[in-house]
Amino acid sequence: MKNRNPIWDFFASVKLALFTLFFLSTTSIIGTIIPQKETAQRYIERYGEATANLFQILSITPNMYGSAWFLSLLGLLCLNLIVCSLDRFPGVWRQIKTDNLNTPLSRLEKMDPQCRWQLDNPPESTASALKIFLKTSGWKAEERKLDNAYLLFAQKGAMTRTGVYIVHTSILVIFAGAIIGSILGFKGSVMLPETKATDKAYAFGTNSPINLGFEVRCNRFNVEFYDNGMPKSYRSQLTILENGKVVKEKAIVVNDPLSYKGFTFYQSSFEAYQDFLITITNKNTGLSETVITSYKQQSSSEKNGLRFGIINAEARGQSVSRMKVWLTDDKGEPSLFWLDDGEQATVERAQNNFTVSAKQMYATGLQVAKDPGVWTVYTGCGLMILGLVVAFFMSHQRIWLYIREETDGKSSILMTGNANKNKAGFEKTFQTLTQTIKKT
Amino acid sequence: MNSSQLIGITTFTYLFSTILYAALFIFKTRRLGPVATIFTIIAFMIQTAGIGLRWLESYQMGMGRAPLTNMYESVVFFAWAIILIYMIIEWKFKTRIIGAFAVPFAFLAMAYASFASGITKEIVPLIPALQSNWLIAHVVTCFIGYAAFAVAAGLGIMYLIKNTSETRQATSSDTTLLGSLPPLKVLDDITHKTMVFGFLWLSIGIITGAIWANSAWGTYWSWDPKETWSLITWFIYAITLHARYTRGWGGTRIAWLAIFGFISVIFTYYGVNFLLAGLHSYGSSN
Ligand code: HEM
């Protein structure tokens with residue numbers, strides 16, 4: 001407490017912390033009432049020209065939480081935390097590292113709880129016996145010989161005094177992670193039709209493209225429904241390609257993304273097309289071809305010498321459940337048959353047999369994120385929980401035994417101790433300890 | 001017997017528990033104490049069975065999922081957690097009168113779940129965004145926190161009632177109605193401990209929610225109204241802890257903050273969904 005610089009004191013004060021937290025809470029409310037990240041036009045429609053202007057001047061719209069004044073408040077909180085911790089931590093560290101065997105008798109005598117009794121043995125053997133006893137009870141004691149007395153000291157959880165500082169540091173770590181993410185990160189999306197690949201994603205807000213440095217291809221997209229019609233799963237089978245070579249494959253669903261080279265692809269939406277993907281395989285030659293065809297349009301498979309089309313379809317909402325395929329090799333009557341979406345069937349023609357599968361064509365909507373700060377944020381979160389548990393539920397407990405030689409060679413014992421938290425709990429521990437000591 | 005019936009019964013058993021604890025408080029018939037406790041434990045077990053059965057039923061319906069994913073289920077869990085936390089306090093601090101101020105919250109939550117219009121009790125399957133273990137962890141941890149804050153608010157109310165009556169009459173003799181309440185110092189201490197407990201769980205709840213959001217959308221924090229309100233609530237309790245630890249606040253001020261904090265909890269939980277509706281995408285399902 002040597003540093004009495006008023007500016008330092010201001011930033012170290014808990015009053016400032018209370019003020020900042022209060023101000024952050026109240027101003028945060030504004031952004032929950034006034035919708036964020038809408039277009040200027042929407043704000044004018046909603047609030048009128050004058051009010052919308054005012055909001056913009058005050059940076060309440062379009063992005064209050066990213067505005068200079070809001071970020072400054074968060075910065076002030078960080079500064080406050082740093083200065084406050086620098087101010088206090090050295091004292092706490094001294095308390096942790098202090099030589100407790102140097103505690104003067106006058107202080108021990110004033111401590112509460114305490115307990116006194118006498119033993120017939122001389123102090124030296126008493127001290128070593130007590131030391132062994134403490135050890136068996138889980139307290140590792142240190143010993144020091146004083147003039148005609150011995151002092152024993154044992155402690156538990158000295159480091160738990162740092163709990164509060166772990167919590168405070170964790171907040172700074174989380175902010176650091178957020179800053180890393182906002183500087184080096186990328187948030188965007190891409191709409192990717194089945195069978196197509198892209199090496200770009202488009203940033204939110206600005207829509208500017210960013211190069212991924214590799215290609216991502218959507219091989220297939222499916223929607224599944226529950227019996228009551230609610231969506232059950234959205235699934236995209238993705239392939240990562242580098243220089244045209246497959247390097248990674250994964251089927252992603254919501255809550256289970258694919259990561260590659262720092263970019264993560266999240267299933268977020270989809271678009272249903274009125275086109276179909278038809279895959280035809282010649283069973284005799286093994287030749288296979290996938291063709292995109294539009295509804296009620298004729299297409300052909302050159303490899304297999306076939307013409308075909310989808311001439312009818314049944315849909316549930318936007319999703320086709322069944323479709324009717326027309327197919328001919330111009331040798332005899334055309335084949336006509338129904339197929340469930342994604343199913344395959346065998347078609348027997350005069351010379352060749354084919355397997356035909358058909359599905360509606362979709363584009364998968366992928367959210368693309370790159371956030372190198374996430375693991376820093378998670379580390380901060382872990383530290384916070386650890387620190388809270390330590391700060392709230394653990395305490396630094398200390399006990400001293402002062403063993404003095406009486407004139408008749410006997411020893412008298414003063415046992416005392418303290419805890420920085422949960423004093424009631426400590427008193428109980430202390431009492432059981434003294435009771436068992438006296439018994440043995 | 002199906003889960004809705006069991007959970008429905010709990011609404012009335014918690015009402016009866018409330019009446020028992022209130023009678024204990026008002027008439028000070030000590031013999032009623034164990035009755036209230038045992039009855040509440042039975043009600044709690046019925047509710048536990050109801051929640052368990054609902055889980056089982058979802059499996060029988062072929063969509064197995066934890067019963068924690070919509071408004072109805074979360075309110076039921078909220079009531080369950082309030083009773084659990086209250087029971088722990090009753091057992092640890094050996095006092096029953098607090099029940100008269102804590103159990104009513106569980107009853108009100110159940111009554112709301114059972115009778116409010118616009119709350120569906122049907123077991124519906126989960127849309128893709130909600131199919132995540134992080135969501136389950138998020139709901140459980142948040143609601144344990146919320147339940148602790150509810151109990152803390154009940155304690156705060158007790159504190160204020162007792163405090164005003166003591167200052168008015170300057171006698172705290174056991175003959176007055178409020179004489180049976182625990183001493184102010186004890187109430188203050190339990191309120192604080194309950195808030196500390198809630199703060200830890202709310203912190204874990206916010207963190208698990210962020211992890212869930214990141215696994216679903218690639219953004220752990222997007223300042224949507226629900227997230228922001230949970231942070232506001234968290235700030236309020238952080239302010240309370242600091243005011244107490246470093247500025248020595250206690251008593252009435254902390255009691256008010258406990259009540260105020262809980263109002264913020266209610267708003268985070270309920271207000272955001274219904275008053276700020278339409279602003280974000282998953283509020284109605286959470
Ligand atoms: C959101 C931000 C913050 C959180 C979550 C937080 C959390 C905590 C927690 C959990 C404790 C321990 C309380 C206990 O032991 O029961 C604590 C204590 C404390 N905090 Fe913070 N804190 C925050 C911000 C700040 C700031 C900005 C300051 C700056 C002055 C500050 C100063 C202190 C002090 C001085 C203590 C008491 C330390 C002691 O007992 O030795 N806190 N904080």
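Reply: Happy to! Keep in mind that this is a predicted model. Let's start with one histidine: B:H242 has a relative accessible area of 25%, so it counts as partly exposed, the class between 20% and 50%.

Me: Is A:H168 buried or exposed?

Reply: A:H168 is buried, as its relative accessible area is 13%.

Me: Which protein atoms are donors to the iron atom of the ligand?

Reply: The protein donors are NE2 of A:H168 and NE2 of B:H242, and they lie 1.8 to 2.0 Å from the iron atom. The pair joins two chains, because A:H168 belongs to helix α8 of chain A (residues 163-184) and B:H242 to helix α7 of chain B (residues 225-247).

Me: How should I read the angles around a metal?

Reply: Six octahedral donors ideally give angles of 90 or 180 degrees. Here, the six donor atoms around the iron atom of the ligand subtend 86 to 178°, which makes the arrangement octahedral.

Me: What are the ipTM and pTM of the model?

Reply: The ipTM is 0.91 and the pTM is 0.90. For chain B, the mean pLDDT is 87, with 92% of its residues at 70 or more. Residues 278-286 of chain B fall below 50, and this stretch makes 19 contacts in the model beyond near neighbours in sequence.

Me: Into which domains is chain A divided?

Reply: Chain A has domain 1 (6-85), domain 2 (98-157 + 395-439) and domain 3 (186-370). Taken over C-alpha atoms, the centres of domain 1 and domain 3 of chain A are 46 Å apart.

Key. Residues are numbered from 1 along each chain as its sequence is written. Chains are lettered from A and ligands numbered from 1 in the order in which they are written. This is a predicted model: local features need pLDDT of at least 70, side-chain atom pairs count only at pLDDT 80 or more; totals for chains, interfaces and linings use all residues. Side-chain values use heavy atoms; hydrogens and water are left out. pLDDT is the predictor's confidence in each residue, from 0 to 100. Contact means heavy atoms within 4.5 Å. Domain bounds come from an automatic or database domain assignment. Donors are N, O and S atoms within 2.8 Å of the metal (3.2 Å for Na, K and Ca); water is not among the atoms, so sites may look incomplete. Four donors count as tetrahedral if all angles lie between 85 and 135 degrees; four count as square planar and six as octahedral if opposite donors are over 155 degrees apart and all others between 65 and 115; anything else is irregular. Helices (H or I, at least four residues) and strands (E, at least two) are DSSP runs, numbered from the N terminus. Buried means under 20% relative accessible area, exposed over 50%, partly exposed in between (1.4 Å probe, protein chains only).
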